[in-house]
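Here are my notes from going through this one with you in mind. Have the viewer open and click along as you read.

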Amino acid sequence: MFHPASLFIGLRYSRARKGHGFISFINFFSITGVMLGVAALIIVTSVMNGFESELKRRILGIVPQVTIQAEDGSPIKAWPDLIEQSSTIAHVKGATPFIASEGMAQSRKTLRGAMIYGVWPEQETALSTIGNHMISGELGWLKSGEFGVVIGRGMGAKLGVNVGDSIRLMVAEGSVFTPMGRMPSQRRFRVVGMYEVGADIDTFVVLIHGDDAARLTRKPIGSAEGIRLYLDDAFLADQTATKLTSLLPAKWQVDTWSRSQGKLFSAVKMEKNMMWLLLSLIIAVAAFNIVSALVMLVGEKRAEIAILKTLGLTPAGVQTVFLFQGIYNGVVGTLLGLIIGSAIVLNLDVLTPILNLPLVPAPGLGNRSMPVEYQIEQVAMLASVAVALCIAAAFYPAWRASKIQPAEALRYE
């Protein structure tokens, strides 16, 4: 089969083993380093992507992603019109009214802090993450005037209650002054459902019907404190908020989840970036090995390079010979890393029991030991960067080879 001369010679050098034991040894570890670096990056980034997606689904599926409230804090009575108007924005899946208040949940055994959300089940069930993680009861069992409450399994364990038991909810909002001092607004509620999403919100978020929340906080029945928007991507909240601000009158205040949960996701993003940087150093070290191997190969092949030049091979052709070796090492190492890394990621739940890794399935993941999200675009970018580093590493040795003068190299031959 015909090959261009430079590529043919470069391929022979890349595959040569006899008489070049030390150089072959370094080449082997260069390819192995690239392979391990690429595989490690694929595995770690896929797991980090999985954890980030789980956080988005579990936390941002419950806490308001984007909220619209009156600037003066007054109750919203015409919330259906506001929902219809805000639903026209791109990336908005739906909108629901809510009433939110910090308070306390009390059982016969103990007292716990709680974030109390008043919701309308007919709007909330189709959009809220909690509706898909009910372990007992349903959101639809929250009826106006019946004073039912849905709590997390963690909250139930801390309070020592289960479905059918009663708890007392107390909020400072709507409190009244009495001869005994300021008394919080309070009401006894019956637990009609329990959820578990596998996050901290299981221990403090409770849901009641919006009308019952209005009664508890002494707001007009049927009114809402604000509107919460559900997005197809919670990370587009700031972009959506900017569009809403320009669309709605100045009396409305638009807020996003970044204020309450932004630090958590910023920490996750920083951790992902640091893992990228640290694991990329493995590929960088492998690239330096390629430099070392090619520099030694150029020194050893000086006479042969000089002969090739006298036979008519141009300096550019000589440079191509050694650049091809860098490409060969990078492509082979990257391909092996892609195969190994992808195989491990896609079969992680099979491999963890075999390797006897002490990973316990997280709540909400079924039988899976950890969340994994394999992103083709990210893997392709990773492979491109690895090959580019290897090509860049080959430039200096290739340039040195092209500058060899035949007369100087063959003087003592």
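The points below go from the overall picture to single residues.

1. Ground rules. This is a predicted model, so local features need a pLDDT of at least 70 and side-chain atom pairs count only at pLDDT 80 or more, while totals for chains, interfaces and linings use all residues. Residues are numbered from 1 along each chain as its sequence is written, and side-chain values use heavy atoms, with hydrogens and water left out.

2. Confidence. The score to know is pLDDT, the predictor's confidence in each residue, from 0 to 100. The chain averages 80, and 85% of the residues score at least 70. Confidence is lowest in helix H1 (residues 5–15), with a mean of 64, and highest in S5, at 93. Where pLDDT is low, the predicted coordinates should not be read in detail.

3. Overall make-up. There are 13 helices and 10 strands in the chain; helices (H or I, at least four residues) and strands (E, at least two) are DSSP runs, numbered from the N terminus. Of the chain's 413 residues, 47% count as buried. Buried means under 20% relative accessible area, exposed means over 50%, and partly exposed is in between (1.4 Å probe, protein chains only). Contact here means heavy atoms within 4.5 Å. Among contacts with a separation of 6 or more, residues 24 or more positions apart account for 79%.

4. The cores. A nonpolar core is a set of buried Ala, Val, Leu, Ile, Met, Phe, Trp, Tyr and Cys residues joined through side-chain atoms within 4.5 Å. The largest one has 47 residues, and Val149, Ile151, Ile167, Leu169 and Leu229 touch the most other members. Strand S2 (residues 92–106) gives the most to this core, with four residues. Apart from it lies another core of 31 residues, including Val38, Ile305, Val318 and Ile404.

5. Val149 up close. Which residues is Val149 in contact with, leaving aside its neighbours within four places in sequence? Among them are Leu142, Ile167, Leu169, Phe189, Val206 and Ile208.

6. Annotated spans. The unreviewed UniProt entry carries the annotation "transmembrane region" for residues 26–48, 276–299, 305–324, 336–359 and 379–399. Its positions are given in the numbering used here, feature names are shortened, and annotations may be inferred rather than shown by experiment. Check the spans against the model: residues 379–399 are 100% helix and 0% strand, with end C-alpha atoms 31 Å apart. Residues 305–324 are 80% helix and 0% strand, and their end C-alpha atoms lie 15 Å apart.

7. Aromatic pairs. Rings of Phe, Tyr and Trp (its six-membered ring) pair if their centres lie within 6.5 Å; planes under 30 degrees apart count as stacked, over 60 as edge-to-face and the rest as tilted. By this rule the count comes to four aromatic pairs. Trp79 and Trp120 make a tilted one, 5.6 Å centre to centre with 45 degrees between the planes. Trp79 is in helix H3 (residues 79–86) and Trp120 in the loop between strand S3 (111–119) and helix H4 (121–124), so this pair ties together parts that are 41 residues apart in sequence. Both Trp79 and Trp120 are buried.

8. The rings of Phe147 and Phe189 have centres 5.5 Å apart and planes at 75 degrees, so the pair is edge-to-face. Phe147 is buried at a relative accessible area of 12%, and Phe189 is buried at 1%. The charged end of Arg187 sits over the ring of Phe147, 3.9 Å from its centre; the rule is that NZ of Lys or CZ of Arg is within 6 Å of the ring centre and within 35 degrees of the ring normal.

9. Lys219. Is Lys219 buried or exposed? Lys219 is buried, with a relative accessible area of 13%. It is found in the loop between helix H6 (210–216) and strand S9 (226–231). Not counting residues up to four places away in sequence, Lys219 touches Pro75, Ile99, Glu173, Ala214 and Glu225.

10. Backbone check. Most residues other than glycine have a negative phi, and most peptide bonds are trans. Have a look at His91, where phi is near 75 degrees, and at Arg218, where phi is near 60 degrees. His91 lies in the loop between H3 and S2, and Arg218 in the loop between H6 and S9.
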